[in-house]
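The exercises below concern aromatic pairs, nonpolar cores and strand pairing.

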Amino acid sequence: TVAGNTVTIVGAGTATLRATQAGDASYAPATPVERSFQVHKRALAVTALDAERPYGTANPAFALDYAGFAGTDTAAVLDTPPVAATTAGPLSPVGTYPIVPGGGEDANYTFNYHNGVLTVNKAAQTLTFDPLPDRVYGDPPFELAATASSGLPVSYVSLNPDVAGIAGATVTVGRAGTTTIQAMQPGDDNHLPATPLEQPLTVTRRPLTATADNQARPYGQANPALTVSYNGFVSGDGPDDLDEPPVPSCEATPASLPGDYPIALSGGADANYSLTLVAGSLT
């Protein structure tokens, strides 16, 4: 555009200016003269800004930085603004990937593109580990079922393997007592280690009934050997495995009159069994 002697460039292309002089009382009009010149497109630098995200998530919206706009122009004036893209998808491994801008078109600007970098970081993961119900000495092995949000396998350790030993995810009860089971996931190429979770495990003593065996003898004789029967042993255990077997006793003597006399049980203790003592009878 022309205002007086001032030419203002408003767009790229070929401009033709015409100079005229209309004459006056002393001069005839001058022959108009035209001059043409080319207004070239302005170079615009377009840079994709660096970005990052965790593995397994969608790419963020990529931003572009511009350098070289004329006057008050912004990206809003472009006929077709550039866009940025990358080849990385949600499951692309941890690493760096180019962010490539392109596709811009405009009547007044050319585009010089500069790539950015997308950094895919290791993803965080969490564990879910439900509380463990109490077990009883002699219970069969059982499976642990903690899960990682990543889907990666979980490993376990028992802080008191005498109470509960672990092979893989299988827990084998060893003795009564308490332990803590720790669940862990150490991460991999695409995942950070999970924060370990712990659950307490209590193994209670198994009920064991000790019963004094009924006995009989004639009046005037010594008492027979007093014996005890058991109900509730597990894992191949027997009386010899008890820490302290209960002791039977009877107050009847050879001179005791005919009748029934109680055979009492006393003592008895074990780390793995809770004993119930049942008296017998000597007739």
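A residue is called buried if its relative accessible area is under 20%, exposed if that area is over 50%, and partly exposed in between. The model examined here is a predicted one.

**Exercise 1.** Classify the ring pair of Phe129 and Tyr156, and determine whether its two members are buried or exposed.

*Solution.* The pair is one of seven aromatic pairs that the structure holds. The ring centres of Phe129 and Tyr156 are 6.0 Å apart and the planes stand at 55°, so the pair is tilted, given that stacked requires planes under 30 degrees apart and edge-to-face over 60. Turning to position in the chain, Phe129 belongs to the loop between β12 (127-128) and β13 (135-136), whereas Tyr156 is in strand β16 (residues 155-158), so that the pair links parts of the chain 27 residues apart. As for accessibility, Phe129 has a relative value of 7% and therefore counts as buried, and Tyr156, with a relative accessible area of 12%, is buried because its value is under 20%.

**Exercise 2.** Describe the geometry of the pair formed by Tyr137 and Tyr273, and state which cluster these rings belong to.

*Solution.* The centres lie 5.4 Å from each other and the planes make an angle of 80°, which is an edge-to-face arrangement. This pair, too, links distant parts of the chain, since Tyr137 is in the loop between β13 and β14 (142-143) and Tyr273 is in strand β25 (residues 273-278), 136 residues apart. Both Tyr137 and Tyr273 are buried.

**Exercise 3.** Which residues of the largest nonpolar core touch the most other members, and which contacts does Ala183 make beyond its neighbours in sequence?

*Solution.* This core has 23 residues, of which Phe129, Leu144, Val154, Tyr156, Ile181, Ala183 and Leu201 touch the most other members. Strands β18 (170-173), β19 (177-184) and β20 (197-204) each supply at least two of the core's residues. If neighbours within four places in sequence are left aside, the contacts of Ala183 include Phe129, Val154 and Tyr156, as well as Leu127 and Pro196. Another core, of 17 residues, lies apart from the largest one and has Ala48 and Phe111 among its members.

**Exercise 4.** In what order do the strands of the open three-stranded sheet lie, and what is the bridge partner of Ala48 in β7?

*Solution.* The order is β7-β5-β10, with mixed pairing, and the edge strands, each pairing on one side only, are β7 (64-67) and β10 (109-114). Strand β5 (residues 42-48) runs antiparallel to β7 and is joined to it by four bridges. Within β7, Ala48 has Leu64 as its bridge partner.

How values were computed. Residues numbered from 1 in each chain as written. Predicted model: local features only at pLDDT ≥ 70, side-chain atom pairs only at ≥ 80, totals over all residues. Heavy atoms only, no water. Phe/Tyr/Trp six-rings, centres within 6.5 Å; stacked < 30°, edge-to-face > 60°. Buried < 20%, exposed > 50% of the residue type's maximum accessible area, 1.4 Å probe, protein only. Core = buried A, V, L, I, M, F, W, Y, C linked by side-chain atoms within 4.5 Å. Contact = heavy atoms within 4.5 Å. Pairing = 2+ DSSP bridges.
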